[in-house]
Every structure is written in structure tokens, then in C-alpha cells.
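User: I'd like to walk through this model with you, one question at a time. Could you start with the terms we need?

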Amino acid sequence: MGMLSLPGFLSCGKKKDFSLSNEKDAHVSDNDENSDRGNWSNKADYLLSMVGYAVGLGNVWRFPYLTYQNGGGAFLIPYTLMLALAGLPLFFMECSLGQFASLGPISIWRILPLFQGWLASFFQSLLVSFFFLAVFLSVKDCNATLDGQIIHANYSFITSNNLTCINDTINYKPVQFPSEQYWNKVALQRSSGLDETGNVVWYLALCLLLSWMIVGAALFKGIKSSGKVVYFTALFPYVILLILLVRGATLEGALDGIEYYIGKQSNITKLMEAEVWKDAATQIFYSLSVAWGGLVALSSYNKFHNNCYSDAIFVCVTNCLTSVFAGFAIFSVLGHMAFVLKRPVSEVVDSGFDLAFVAYPEALSKLPVSPLWSFLFFFMLLLLGLDSQFATIETLTTTIQDIYPKMMKKLRIPITLGVCVLLFFLGLICVTQAGIYWVNLIDHFCAGWGILFAAVLEIIGIVYIYGGNRFIEDIEMMIGKKSCFFWMWWRMCWFFITPVLLVVNHPDLQPAPTYGSVPYPTWGTAVGWCMIIFCVIWIPIVAVVKVLKAEGNIFQRIASCCRPTANWGPYLECHRGERYSHVVTPKKEKEHEIPTVSGFTSRTPK
């Protein structure tokens with residue numbers, strides 16, 4: 001007995017036609033609501049991908065230092081307020097936008113064609129190779145007496161010269177930590193500056209290649225494969241953080257480190273300084289990865305009626321709690337290092353590269369079985385970097401899919417691998433002897449003004465041009481009708497508070513970047529400004545092109561570009577309802593294919 005099936009016009013995105021081409025995209029399964037683009041296999045895949053994307057390196061190497069620097073526990077007050085007033089509203093907006101139209105970060109601007117040049121740059125992959133190297137190359141060192149002088153040397157040097165490590169260092173000439181020397185002279189083979197490019201460091205290049213091979217393997221089926229990989233890459237860092245925290249809490253001096261982080265050393269008077277609030281807003285903005293396109297891309301694969309509101313709250317809260325949790329693991333070990341060296345915690349703490357590759361590894365080297373702890377720490381950083389990179393590449397492939405859906409259906413694997421190969425070659429400049437200067441330059445410029453500018457345009461375009469109330473009605477089509485009281489908070493944030501905070505807390509202009517004490521040449525600064533201009537210049541260029549292609553006088557052209565396109569709305573017809581019943585669906589390429597059996601049998605005789 002055969003099963004009855006719904007007529008084609010009543011089905012929602014699922015095609016049961018028999019086709020002679022018999023093409024099947026690995027990105028799509030039979031259970032997907034959207035048979036053109038595919039959906040997440042389950043909600044856990046999506047949430048873990050979002051957590052992996054949002055929780056990144058800044059949670060571990062930047063937030064703990066900012067907390068310590070800005071009053072300890074008192075810093076959590078502005079941090080929480082900025083989450084509620086700026087981070088969460090932007091995060092919820094982007095998740096809702098992507099889910100509503102089931103489109104990536106470029107095609108989503110059918111909502112406002114004038115802003116379709118909205119782009120963001122990224123450089124997360126350029127760091128991953130460093131973490132691979134650190135996983136494979138860990139060092140142990142100690143103090144010893146040689147010819148009557150106290151030296152600080154690599155442990156292999158101590159043993160090879162039949163020396164004995166001493167427990168205390170009383171007086172010796174201040175030198176770089178061995179981990180810092182190893183990082184600069186061995187791992188990076190760092191040159192004297194950006195002017196001296198030097199050679200490609202072969203083991204860094206191999207690590208970069210290995211990282212891109214992992215990314216390509218994880219994404220060869222798009223979200224269907226990456227959604228499974230994140231069960232390990234998103235969850236295992238928490239296991240490592242817990243292990244490091246438990247080990248750190250058992251060490252002498254750990255309490256001193258934690259008190260500097262968030263305990264008795266907290267300084268409530270710091271809240272009177274504007275810089276503290278600015279640091280809180282900046283950290284929230286960048287740690288949630290808003291305005292990079294990844295949130296829109298990942299959310300575009302949700303089913304239409306998914307509760308994106310609860311998802312946004314879950315991911316944002318998880319991200320912030322992870323930052324606080326990571327701080328305990330970091331400062332407990334740094335407190336022990338300060339105890340061993342008989343120095344204040346303030347003299348051993350640092351942020352960024354120096355924390356990840358110098359201060360914390362130096363602290364771990366003083367523990368028993370130090371290679372194990374070093375391996376776990378760098379492996380955690382590696383997983384955090386890979387998670388964010390998965391989403392970044394998925395953002396690119398999603399954009400290509402929206403623009404060339406038929407090509408992506410046939411060539412998903414070659415295109416994904418091609419993107420990885422291209423970015424590998426682009427990243428080679430960052431694994432030269434001057435590579436760290438390039439990474440620092442990109443971080444200094446591209447991760448600042450460009451992203452902030454994109455975020456401000458995004459919220460202005462959606463709230464003030466498309467219409468905030470209209471956007472709320474779109475969201476209610478997905479998550480159901482809500483009361484006016486429910487939307488009161490979001491209206492206040494979207495219409496006023498969030499854009500004001502973004503403008504007020506803009507990054508400072510720093511015309512001459514430095515790496516440590518090494519200044520950058522004038523041409524390096526010029527290259528940095530060129531990079532940031534290249535990131536944002538497409539917005540006015542595309543806007544001008546759109547206006548030129550429109551019809552009418554200049555005012556009519558601008559007005560038409562500020563209205564949604566004819567095909568803006570929910571991707572599937574069954575979700576459009578009366579509000580979007582007018583949406584024009586572009587002719588599908590299937591009309592030009594060889595006729596199918598169902599195509600003949602469904603025709604009505606004249």
C-alpha cells in the first residue's frame with residue numbers, strides 16, 4: 001500500500017520530484033525544512049557552533065587581564081551592564097535577521113540594498129598555527145648556579161651540564177623569561193621588525209597547513225559535518241579549563257592570584273573612570289563576534305520557527321560566564337608563579353600574546369609534569385581558534401551559496417577546499433620571521449574601526465531605515481506574538497542605547513602601532529590604514545552602484561534603494577503569510593533542466 005503525499009504547493013521546502021540528474025547536496029538531508037539550503041541536524045549542533053564561534057581567544061587571554069586591570073570584581077558590574085545594553089541586543093538582532101530570511105551576511109541585505117556592501121574582515125586563522133606549534137614544542141626551565149652566578153636556563157641545558165636546580169632565586173641580573181626567549185628566538189625566529197621579512201619558518205608553515213586541513217575536513221559537508229565536530233571542539237576546552245583550575249587551586253599562592261583577579265584586591269572606585277566602562281563595552285562587543293557575519297550565516301540554517309530569542313540569551317550568557325571561569329584558571333596559576341618568584345602578582349600578569357605564550361607557559365613550567373599542563377593549555381587555545389575559524393569559513397561558503405546556489409550544490413567540497421587553500425597561501429606572510437608583526441598589524445587595524453563601523457551601519461539600517469517596529473513584527477512571525485512590555489527593553493536598546501554606546505565607546509586612534517618596544521615603519525602604518533579602508537570601502541561603492549542602477553531622479557533612486565527588494569522575506573513560501581504574500585520568488589534553474597517524470601504526470605490536459 002502506497003503512502004499519500006501532499007501536493008507540491010502545500011509542501012514546505014521539501015521536494016519529492018524524481019529527477020534524471022539525481023543530484024544531492026551533502027549539505028542537505030531528507031529531514032530538512034529547507035531543501036535548498038539545508039538546516040542544522042538538531043538544535044545542539046547550532047548552539048554548540050554558536051558557542052564555539054563566540055567563545056574565542058579573547059575570553060582566555062584578554063578578559064582576565066582587563067578584569068584585574070579595571071578593579072577586579074568591580075569590573076563585572078560594567079561588563080554585565082554592557083552585555084545587557086549593547087552585546088545581547090546586537091546578538092539577538094543578527095540571529096533573528098539570519099533566521100528570518102535564511103540568507104547569509106551579503107544576501108541578507110535584500111532588506112536594505114543600499115547597505116549590501118556590508119562586509120567584515122577576519123584573521124583568526126593566522127593565530128592557529130602558533131597554537132599548533134606551542135602544542136608540539138613545550139619547554140621546562142629553572143634556576144641554577146654556574147661559576148658562582150645564578151642563571152635562568154632551559155632544563156635540558158641544566159641536566160646536560162650536571163647542574164642542579166635551586167628552589168629560590170635571591171639576586172640575579174633581570175633577564176627575559178626563558179619562555180619569552182624561546183617564543184621569540186626559537187618558535188617565531190622573530191626578525192628585528194616589519195622591514196625584515198626573513199624566511200618562511202617551515203614548521204610554522206606546516207602547522208598552518210595542518211590547521212587548514214582540519215578546517216577543510218570539518219567543513220567538507222558544511223554544517224552537517226561541522227555540527228558534529230563542535231561536540232568536541234566546543235566542549236573539550238571546558239574540560240581543560242576545569243582541569244587547569246583544579247590543578248591551579250591546589251598550588252601555593254593560588255589564592256593571592258585569585259584575590260588580584262576578583263577578590264579582596266577589587267577596587268570599586270575604578271567604576272568612576274570612563275576607561276573602565278569603555279573596556280567593558282569593547283570586550284563585550286568583540287567577544288560576542290557581532291558584525292563579523294558569522295552569526296547571520298550560522299542562524300540562516302535554523303528552522304523558521306526556532307526560538308532565536310532564547311538561543312541568543314543562552315549563547316551570550318555562556319560566553320560571559322566562560323570568560324569569568326577562565327580568569328580563575330589563569331590567575332590561580334599566575335598567583336603560584338608570583339609566589340615562587342617572590343614577586344607581586346602585578347609583575348607576572350600580562351595579556352594577549354604575552355599571556356598566552358610567555359607568562360602562563362612560564363608559570364606552567366614551574367609545575368610538576370609541566371609538559372602535560374602546557375600541552376593541555378595550548379590544545380585548549382587551538383580548539384578555541386578552530387571553532388571560530390569553522391564559523392568564519394562557513395560564512396564565506398554561505399555567501400557563495402546564496403549567490404551561486406546551483407554551483408555550490410554541485411561543487412561544495414571543491415569550493416570549500418579551494419577557500420581553505422587560498423587562505424593558507426594568504427596566511428604564509430604571517431609565518432615568516434616578520435609574521436608576528438603582520439598579525440599584530442592586522443589585529444591593530446582590522447579588528448577595530450572597520451567592525452565598529454559595520455555594526456553602527458547595521459543597527460541604523462535595520463532600526464531607522466527598514467523600521468524597528470517592522471523588524472519586531474518579522475521576529476514575531478518566527479517566535480510568536482509577544483507583549484508590548486516584552487519589546488520595551490529591546491526597543492530602548494535598538495533605537496537609542498546600543499547605537500549611542502557603540503559610538504561613544506569607539507576604539508582610540510593609534511596612528512603608530514608597536515609590537516612590544518619595536519616600532520612600525522611609516523609604510524607599515526600606511527598598509528594598516530589601507531587594510532581598514534579596504535574592509536569598509538565596499539559599503540559606499542556598492543551603495544553608489546545601486547543608486548546608479550535605480551530609476552528616477554536622485555531622490556527616487558535613493559528611496560528605492562532604501563526599500564527591501566521584491567524578493568525580501570521568509571525563504572519558504574509557506575512561512576510568508578499575508579505580510580509577505582507579495583514576495584517575488586526568482587525563477588528556479590530547474591525550469592531549464594530535462595523534464596522529470598512528475599513534470600509530465602502533473603500537467604493538466606487542455
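Analyst: Gladly! Buried means under 20% relative accessible area, exposed means over 50%, and partly exposed lies in between (1.4 Å probe, protein chains only). This is a predicted model, where local features need pLDDT of at least 70, side-chain atom pairs count only at pLDDT 80 or more, and totals for chains, interfaces and linings use all residues. Residues are numbered from 1 along each chain as its sequence is written, and side-chain values use heavy atoms, with hydrogens and water left out.

User: How many salt bridges does the structure hold?

Analyst: A salt bridge here is a side-chain nitrogen of Lys or Arg within 4 Å of a carboxyl oxygen of Asp or Glu. By that criterion, the count is eight.

User: How many residues apart in sequence are the parts that D32 and K224 tie together?

Analyst: The side chains of D32 and K224 form a salt bridge, at 3.0 Å from N to O. D32 sits in the segment before α1 (43-54) and K224 in helix α9 (residues 223-233), so the parts they tie together are separated in sequence by 192 residues. Helices are DSSP runs of H or I with at least four residues, numbered from the N terminus. As for burial, D32 is buried at 3% relative accessible area, and K224 is buried too, at 12%.

User: Is K481 buried or exposed?

Analyst: K481 pairs with E476 in a salt bridge of 3.4 Å, N to O. K481 has 72% relative accessibility, so K481 is exposed.

User: How far apart are the end C-alpha atoms of helix α16?

Analyst: The expected span of a helix is 1.5 Å times one less than its number of residues. Helix α16 (residues 370-403) has 34 residues, so it should span 50 Å. That agrees with the distance between its end C-alpha atoms, 50 Å.

User: How many of the residues of α16 are buried?

Analyst: Helix α16 is largely enclosed by the rest of the structure. This is because, of its 34 residues, the number buried is 28.

User: Which residues does F377 touch, not counting those up to four places away in sequence?

Analyst: A nonpolar core is a set of buried Ala, Val, Leu, Ile, Met, Phe, Trp, Tyr and Cys residues joined through side-chain atoms within 4.5 Å. F377 is among the residues that touch the most other members of the largest such core, which has 169 residues. Counting contact as heavy atoms within 4.5 Å, and leaving out residues up to four places away in sequence, F377 touches V60, I240, L244, I330, A356, Y360 and L364.

How values were computed
Helix = DSSP H or I, 4+ residues; strand = E, 2+ residues; numbered from the N terminus.
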